[in-house]
Amino acid sequence: MARAYNFSAGPAILPESVLREAAEEMLDYKGTGMSVMEMSHRSKVFEEIIENAEKTLRELMGIPNNYKVLFLQGGASQQFAMIPMNLMKNRVADYVNTGQWTKRAIAEARMYGEVNIIASSEDRTFSYIPEVKDLKISDDADYVYICHNNTVYGTKYNQIPEIGDKILVADMSSDILSEPVGVEKYGLIFAGVQKNVGPAGVVVVIIREDLITEDVLSGTPTMLRYKIHADNQSLYNTPPAYGIYICGKVFKWIKDIGGLEAMKKINQEKAGIVYDFLDKSRMFKGTVVKKDRSLMNVTFVTDSQELDAKFVKEAKAEGFENLKGHRTVGGMRASIYNAMPLEGVKALVSFMQKFEEENRK
Ligand SMILES: *Cc1c(COP(=O)(O)O)cnc(C)c1O
């Protein structure tokens, strides 16, 4: 059986060893005679699965005790609404606009209150991260919102905004667990897991306890209140049990590699190989300002759309899947999440080299 080099932005590649383990446990999880898909979420066995998943995640990210970890549903997109519904006490929030996913978050938040865009990189097609110093934070803002890694455009924050004592909220859907994070700098971190962690259907929310209150916007449905999920250890209703089980295995896989410092080194090495090639190439070029380049999503173009299309097509024929850029931006994007092996990145660069030689004018 041949596994493709899958450069999809999400749902995305998962560690092969995790998939193999899950396959082995598919019909009979540890002598229970059933799959994790089939068991009660109130069972002892599942309780252990979710508790261990949380424990390993806490260890990996160094999550302080005054933060709750929630495993929710509704995708990252549901957080675009949950955040204002739960945190917008003054009905004002500041957002930094860095692309597709912050635009969606801004549009959603505007349904609940006043949204100030305190910085934006839209003027240059989101190819950089706006200056994070001297931001005009609104006095009455309930929180400041950023997207830490911009999946579509391939940018990431290397420094987080200076926002004084305001609450920082971050969408880390496409770079959670790719490198260490100072969780204590944030009020809330969330991530849809289907980019860098697990199967679609789970959202991890890491939220400081003092932000979990009964005081939510009126009309907020029960299922959209952080408090109900926090009070019930993510088991208020049936959680995405199988997804949480896979996430737990991926957390363990990262721990076995050596944790987030080790993961970061590997990610820097992989991304470095692609960016070095792009910087030397006379055919391909990166689309992002160097200092803001993502370690996870590498965006690039040639000088013609025809050549871009030819590249994507020929790459696919060689087993390199999903290299087409996001439908809204075109060009190419190689998503090289944690689970993409080093050899996949090397193989891609070799293919790009060969393509360049063959198609030079
Ligand atoms: C994919 C993605 C989303 C949307 O995730 P869904 O789970 O599909 O709602 C939001 N933010 C970022 C940064 C993403 O990469």
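H148 is found in the loop between strand 5 (144–147) and strand 6 (149–150), where helices (H or I, at least four residues) and strands (E, at least two) are DSSP runs numbered from the N terminus. This is a predicted model, in which local features need pLDDT of at least 70 and side-chain atom pairs count only at pLDDT 80 or more, while totals for chains, interfaces and linings use all residues. Residues are numbered from 1 along each chain as its sequence is written, and side-chain values use heavy atoms, with hydrogens and water left out.

With a relative accessibility of 7%, H148 counts as buried, a class that means under 20% relative accessible area, whereas exposed means over 50% and partly exposed lies in between (1.4 Å probe, protein chains only). The side chain of H148 makes a polar contact with the side chain of D175, at 2.6 Å. A polar contact here is a pair of N or O atoms within 3.5 Å; within protein, one must be able to donate a hydrogen and the other to accept it, and residues adjacent in sequence count only if both atoms are side-chain atoms.

The ligand is surrounded by 13 residues, of which the closest are S77, T151, D171, Q194 and K195; a residue is near a molecule if one of its heavy atoms lies within 4 Å of it. Helix 3 (residues 75–87) gives the largest share of this shell, four residues. On the nitrogen side, a polar side-chain atom of D171 lies 2.6 Å from a nitrogen atom of the ligand. Of the 390 Å² of accessible area that the ligand has on its own, the protein covers 87%, the areas coming from the Shrake-Rupley method with a 1.4 Å probe.

Side chains of opposite charge can pair when their charged atoms come close. The structure holds 20 salt bridges, each being a side-chain nitrogen of Lys or Arg within 4 Å of a carboxyl oxygen of Asp or Glu.

In one of them R20 pairs with E16, the closest N and O atoms being 2.7 Å apart; because these residues are four apart in helix 1 (residues 16–24), about one helical turn separates them. Both R20, at 45% relative accessibility, and E16, at 35%, count as partly exposed. Salt bridges that share partners join R3, E16 and R20 into one network.

The salt bridge between D279 and R293 has its closest N and O atoms 2.8 Å apart. D279 lies in helix 7 (residues 259–280) and R293 in the loop between strand 11 (285–286) and strand 12 (297–301), so the pair ties together parts that are 14 residues apart in sequence. Within this pair, D279 is partly exposed with a relative accessible area of 37%, while R293 is buried at 13%.
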